[in-house]
Amino acid sequence: MSLAKEIEKRRTFGIISHPDAGKTTLTEKLLLFGGAIQKAGAVKSNKIDMHARSDWMEIEKQRGISVATSVMAFEYEGSKINLLDTPGHQDFAEDTYRTLTAVDSVIMVIDCVKGVEIQTEKLMEVCRMRNTPVISFINKLDREGRDPYDLLDEIEGKLGINVHPLSWPIGMGKDFRGVYSLYDKSLRLFKAGGQQLHEEAFKFADINSPELEKYVGESYAAQLREDVEMLDDLYGPLDVEAYLNGDVAPVFFGSAVNNFGVKELLDTFLKISPAPKSRFLDETKITPDHKEFTGFVFKIHANMDPKHRNRIAFLRICSGKFERGSNYYHTRQEKKFRISQATAFMAQDKETVDEAYPGDIIGLYDTGNFKIGDTLTEGEKGMYRGIPSFSPEIFREVINKDAMKTKQLEKGLNQLMDEGVAQLFNFELGSRKAVGVVGQLQFEVIQYRLKNEYGATVDFAPMQLYKACWISSNDQKKLNEFISSKQRHIARDKDNKLVFMAESKAWLQMVQDNFPDIEFHFTSEF
């Protein structure tokens, strides 16, 4: 198959939402359609011993939440789909922000009972920064939720994007009858507890056909005809170009847990969503059909297989063809590496890949050569743009509780920081280490993983810190003076960059005023 055909058949997208909106459940159902799993797992249940395939870390099974992005690839109707299930919990938002740099489009899940929640707004901001195309799936229609028109208004108002419904619900909660597809003029009837595949679809070229009453009853048929007429007047046909530019979000309704409305979503998604897109290598625009291979690392995960203590770098392929056993140029280290092992993913199940194409996400076994944001090419120099580290919000000092395990602690902290779980700051004076995170729950995850994966036990002591600011200056002499005058507050991050640890907002402002030649940065990418 030619490179152009391989690119055309690929779709790489992320699933985003507020926690508990049904994101991981939807992922499971999409995998079910792809034949990747035979039966969908449950995210939270005492009765079910089969957990969701994408929540495979022990801590995820215990908590019933996703704490790390998982990558799954499957084939469906001649297309190769790469799906990334992201954590919804805000404490793990940075993993999600990084993942959004590696996808070409997004499916956003919204709970029909709660509507648009705060974390969805934040994630949507990241999508808007990149004009990522978004499809919205309004979930949990088998529960008593809000009026569909109100939900559409709320998405437009809170997320600042125009909507375009492509399916419409008939009833809701215990009166939920089914969904009418405005896209392909067909009706799907709802049966509760539909765990397995395929709800029946009835084609309705003419919605005024008296057949409709037979399926949904008189009052629902009348209501549906009225709604469809109104929606046709309001929205007209879908402008696919506006969706691809990130200006319009098509909307689907369904119930992921009952596997309802998911097939329509997937079928329509394949017809309208973008194939792999161009990206910028420094200032150069690289198109997917560019002959030479390029790609970037957007995530690193240590100990995916605790028995083998391995680290895997997740690489998004941007152009050309990847071939296992080839030598590729690592632009940050300025040297070539032979990639002898690469894997494709099905959550934590992996299989060896001999070749891969733009849009694919592959795992490279790593002994510590890769960092998040690294670029691999066939010789071209430059870095793919846009994977920053943000200044953390909460800081704790690392207290080692077992001096015999100092080496394990060092190794564990370094590997977890390379994954981007949190940020580590080593103070220049003394041997204090501070861990900075976006949310409280990350400390629990770090503590749990250090103990279970590295045998190191730690406590985290509170610190009076407001912000970590990366510092730079055009005048080296002034920078040296600043460092010596603020020695107690200077640390280095894991890349050895200088960081000023500010204790309060007012104090930071005063220091900025007193040292006008020093630049203070709130992301590490400058």
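Trainee: Which backbone nitrogen lies 3.2 Å from a polar atom of the side chain of Glu 144?

Mentor: The backbone nitrogen of Lys 174 does. Please keep in mind that this is a predicted model.

Trainee: What makes that pair a polar contact?

Mentor: The limit for a pair of N or O atoms is 3.5 Å, and the distance from the nitrogen of Lys 174 to the side chain of Glu 144 is 3.2 Å, so the pair lies within the limit.

Trainee: Why is Glu 144 called partly exposed?

Mentor: Buried means under 20% relative accessible area and exposed means over 50%. Glu 144 has 49% relative accessibility, and therefore counts as partly exposed.

Trainee: Where is Glu 144 found, and which residues does Glu 144 touch beyond four places away in sequence?

Mentor: Glu 144 is in the loop between strand S5 (134–139) and helix H6. Glu 144 touches Val 113, Met 172, Gly 173 and Lys 174. Glu 144 and Gly 173 are 29 residues apart in sequence, yet their C-alpha atoms are 4.2 Å apart in space.

Trainee: Which residues of H6 are buried, and what puts them on the same side?

Mentor: Pro 148, Leu 151, Leu 152, Glu 154, Ile 155 and Leu 159 are buried. They cover an arc of only 160 degrees around the axis, which puts them on the same side of H6. An α-helix has 3.6 residues a turn, so residues three or four places apart point the same way. The face turned away from the buried side of H6 carries the exposed residues Asp 153 and Gly 157.

Trainee: What caps the N-terminal end of H6?

Mentor: Asp 147 does, with a side-chain oxygen 3.0 Å from the backbone nitrogen of Tyr 149. Just after H6, Gly 160 takes a positive phi of about 60 degrees.

Trainee: At what angle do helices H2 and H10 pack, and why are they called roughly perpendicular?

Mentor: H2 (residues 23–33) and H10 (residues 262–272) pack at about 70 degrees, with their axes 10 Å apart. Angles from 65 to 115 degrees count as roughly perpendicular, so H2 is roughly perpendicular to H10. Leu 26, Lys 29, Leu 30 and Phe 33 in H2 meet Val 262, Lys 263, Leu 265 and Leu 266 in H10.

Definitions and conventions
Residues are numbered from 1 along each chain as its sequence is written. This is a predicted model: local features need pLDDT of at least 70, side-chain atom pairs count only at pLDDT 80 or more; totals for chains, interfaces and linings use all residues. Side-chain values use heavy atoms; hydrogens and water are left out. Buried means under 20% relative accessible area, exposed over 50%, partly exposed in between (1.4 Å probe, protein chains only). Helices (H or I, at least four residues) and strands (E, at least two) are DSSP runs, numbered from the N terminus. The arc is that of the directions from the helix axis to the C-beta atoms. A polar contact is a pair of N or O atoms within 3.5 Å; within protein, one must be able to donate a hydrogen and the other to accept it, and residues adjacent in sequence count only if both atoms are side-chain atoms. Contact means heavy atoms within 4.5 Å. Axes are lines fitted to C-alpha atoms, for helices over the stretch in contact, and angles run from 0 to 180 degrees between N-to-C directions. Angles under 35 degrees count as roughly parallel, over 145 as roughly antiparallel, 65 to 115 as roughly perpendicular and the rest as oblique.
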